[in-house]
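Visitor: I am new to this structure and would like a close look at a single part of it. Please take me through that part slowly, and then show me how the rest is arranged around it.

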Amino acid sequence: MSEGFVIEARNLRKMYGPHLALDDVDVQIPRGAIGILGPNGAGKSTFFKCILGLITTTSGEGNVLGYDIKTQGDLIRSRIGYMPEYDSLDPDLNAIDQVRYAGELIGMNPAAAMQRAHEVLEYVGLRDQRYRKIESFSTGMKQATKLACAIVHDPEILICDEPTNGLDQRSREFMLNTLRRTVDEGRGTVLMSSHVMDDVQEVCDRVVLIHKGQIVINRPITDLADQIEREVEVVIWGGASKMEEALISNGQKVRRMGRVMRVTIEDENTIDRIISTAAKSEVQIRELREYEPDLEDIFLLIMDKLGARVKGTSELMTSDHTGVD
Amino acid sequence: MSAEEPKTDDLPDQGLPENQTSTSTDTELGQTRMEVAYGAGDGDDDAKAIVARKASMGVLYEQIYRPWNGELGPRWVRNYAIFRHHVYGIFRGKGHRHYNPFVRLSILVIFLTSLTPIAMIFLSVTISGGEGSDWLNRMWGVNRYNLWGQVLGYFPRNLCMWPLLTALVVGGMISDDRKNGTSAIYFSRPVTRADYTAMKYLSSAVVLGFVIVFSYMLYYTSAIVFNGEGWAYLIDTLPIFLGGLLAGILLVITYTSIGMALSSVSQSRFFAAIGFLAIIFGTKVVALMIELIFQTTVFYILSPYDSLAHLGQWLVGIPANYEHSLALSIISILLYNAASIGLLVTRVRSLEVTRE
């Protein structure tokens with residue numbers, strides 16, 4: 001393992017029959033909190049399965065914590081914790097027994113697993129509910145129990161698949177704080193897959209964006225904001241369509257969301273031009289400020305840009321599968 | 001204030017009568033002027049009030065991540081955890097796999113029922129000498145037919161007891177994991193699919209074996225002990241006993257294989273249970289109807305029970321009830337097991353860890 005990287009993959013390719021799920025992925029992931037982003041079917045789950053050593057890769061190589069994903073899957077899975085997106089708990093067990101059993105399945109002896117189950121259930125905020133049957137738990141409590149199962153053996157890498165799914169605001173904040181604390185105090189790595197950009201932004205320092213089986217972004221969130229064009233956000237009253245047309249006819253790039261428009265800053269005269277355009281169009285400017293993009297904007301912009309560049313499924317088919325040379 | 005005698009001059013003027021002065025004791029006890037003046041103490045002069053101390057601000061919940069530096073056990077520790085989880089659940093109400101109380105009660109009743117020959121042998125011994133004793137011994141004593149009947153007799157063993165027992169134990173073994181998504185708990189850990197399947201299979205087989213094979217062994221042992229038989233009897237009957245034991249083990253394996261395969265097919269434990277009963281009873285009924293119409297027993301090879309019974313008859317050395325070749329019954333048993341295990345392995349391979 002190269003210094004500082006917990007996950008490395010080189011030319012990792014996975015095909016399900018004729019469908020290419022991972023397309024020669026090259027990635028190096030350092031320690032810390034990393035958000036794994038991508039639309040449905042992008043290859044996130046396949047990537048997880050590959051690094052867990054659960055499926056054989058078609059070609060390429062990779063290692064996790066220095067262990068080969070092809071031959072040392074069991075050693076990898078001993079050192080990581082996985083929190084699945086969907087229900088993965090026995091409703092007939094109580095929380096303490098479920099977490100203890102999860103610990104035993106990883107190789108902890110029953111006494112150590114029981115002691116540790118108490119500790120992690122307290123950590124995830126279920127100390128008082130640990131003897132309750134899981135069938136009586138709310139969604140938030142089930143998510144917390146799944147997290148407890150994943151961290152029972154103090155893993156070096158924690159993989160969380162949609163950890164805030166179905167949670168209310170209070171439970172969501174607690175879950176995100178807990179994940180952040182796990183990175184900070186546990187000095188581990190969290191790989192978090194989520195469709196909610198705010199969650200990723202709150203917990204993660206870095207994002208890996210997967211699209212159509214390729215890693216298209218792998219860098220810190222702070223760097224990403226610098227990659228996209230700066231914009232001015234303008235709130236218009238009385239004729240937003242007229243204003244938009246006028247701005248576009250002036251050669252300015254505009255993104256419009258109802259009465260709110262985001263205009264790309266091209267030079268120091270951009271704001272003057274916006275104001276004069278508003279005066280000519282006879283519309284009011286209620287607000288005008290420099291816009292700070294959040295992760296969702298960055299994601300949408302990147303996806304928009306990728307739309308034309310990334311290969312479609314038909315292009316991903318090789319001659320071996322189509323039978324055409 | 002110290003116990004030092006205060007100087008009268010230092011005391012503030014309290015307007016006391018000239019003949020009465022305030023003392024240090026009065027001041028220390030905090031007596032009022034009225035009490036000092038008229039001795040009107042109410043008897044609680046020495047009482048001390050217990051007042052709440054000022055509490056420091058407590059912390060109701062402090063989230064602290066505690067690292068764990070323990071050693072993880074090897075493969076057998078993980079496998080034993082799966083085995084223990086499924087087997088202990090039958091005996092303990094909490095902490096392991098949950099078995100419905102009705103299921104646990106049914107298993108107990110089936111086990112106790114399978115031990116009834118022991119009680120009958122004991123009865124025959126206690127009334128020894130009479131005609132009744134001979135009849136009891138013939139009916140329940142150790143002989144080839146009774147040893148075969150203990151595991152492979154149709155009524156009541158294979159009509160009311162063993163299939164029901166298998167359906168109850170095996171029904172939810174894998175279907176529950178499919179239904180609840182708990183397969184992710186196994187496969188995201190260093191548990192291979194082969195270990196998972198083998199341990200679940202072993203757990204079911206051990207429970208069935210405990211009831212079917214262990215009761216058979218108890219029956220044979222009790223007969224020897226109660227009748228006070230010696231080594232010669234043991235040597236004479238041991239081959240028959242071992243034949244029956246092998247037949248019992250084959251029955252446990254075959255029933256477990258079929259039950260586990262059905263459990264892996266669906267998300268419903270009831271489907272697996274009903275499916276198993278349908279295969280055991282359905283194939284027998286079909287074969288029976290064909291025998292009644294066409295006077296041939298060959299279709300009994302469709303019935304797992306009858307194939308096992310045929311093989312068991314050969315193993316304990318009693319005349320076969322079937323006209324067809326024993327080889328066909330053996331092939332039938334092998335095919336049933338191979339097909340069931342093949343289906344089981346295929347279905348377990350498709351269990352998901354992450355969902356697309």
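Visitor: Over which residues of chain A does pLDDT stay under 50, and how many contacts beyond four places in sequence does the model have for them?

Guide: This is a predicted model, in which local features need pLDDT of at least 70 and side-chain atom pairs count only at pLDDT 80 or more, while totals for chains, interfaces and linings use all residues. Residues are numbered from 1 along each chain as its sequence is written, and chains are lettered from A and ligands numbered from 1 in the order in which they are written.

The part you ask about is residues 308–318 of chain A, where pLDDT (the predictor's confidence in each residue, from 0 to 100) stays under 50. For residues 308–318 of chain A the model has eleven contacts beyond four places in sequence, a contact being two residues whose C-beta atoms, placed from the backbone, lie within 7 Å. A further stretch of chain A, residues 320–325, also stays under 50, and for it the model has four such contacts beyond four places in sequence. Helix H12 of chain A, residues 313–316, has the lowest mean pLDDT among the elements of chain A, at 42, whereas helix H3 of chain A, residues 95–105, has the highest, at 97. Helices (H or I, at least four residues) and strands (E, at least two) are DSSP runs, numbered from the N terminus. Where pLDDT is low, the predicted coordinates should not be read in detail.

For chain A as a whole, the mean pLDDT is 87, and 92% of the residues reach 70 or more. Its secondary structure comes to 13 helices and 14 strands, and its C-alpha atoms fill a box of roughly 75 × 60 × 35 Å along the principal axes. An automatic or database domain assignment gives domain 1 (5–225) and domain 2 (229–292) of chain A, with C-alpha centres that lie 43 Å apart.

Among the strands of chain A there is an open sheet of four, in the order S2-S1-S4-S5, with antiparallel pairing; two strands pair if DSSP finds at least two bridges between them. Strand S2 (19–30) and strand S5 (67–68) of chain A are the edge strands, each pairing on one side only. Strand S4 (residues 59–64) of chain A pairs with S5(A) over two bridges, and Val64(A) has Tyr67(A) in S5(A) as its bridge partner.

Chain A also touches chain B, in a contact that takes 41 residues from chain A and 30 residues from chain B. On the side of chain A, the helices that each supply at least two residues include H3 and helix H6 (169–186).

Of the 325 residues of chain A, 44% count as buried, meaning that 20 or more other C-beta atoms lie within 10 Å of a residue's own, against 12 or fewer for exposed and partly exposed in between, with C-beta atoms placed from the backbone. By contrast, Asp198(A), which lies in helix H7 (residues 197–203) of chain A, is partly exposed because 14 other C-beta atoms lie within 10 Å.
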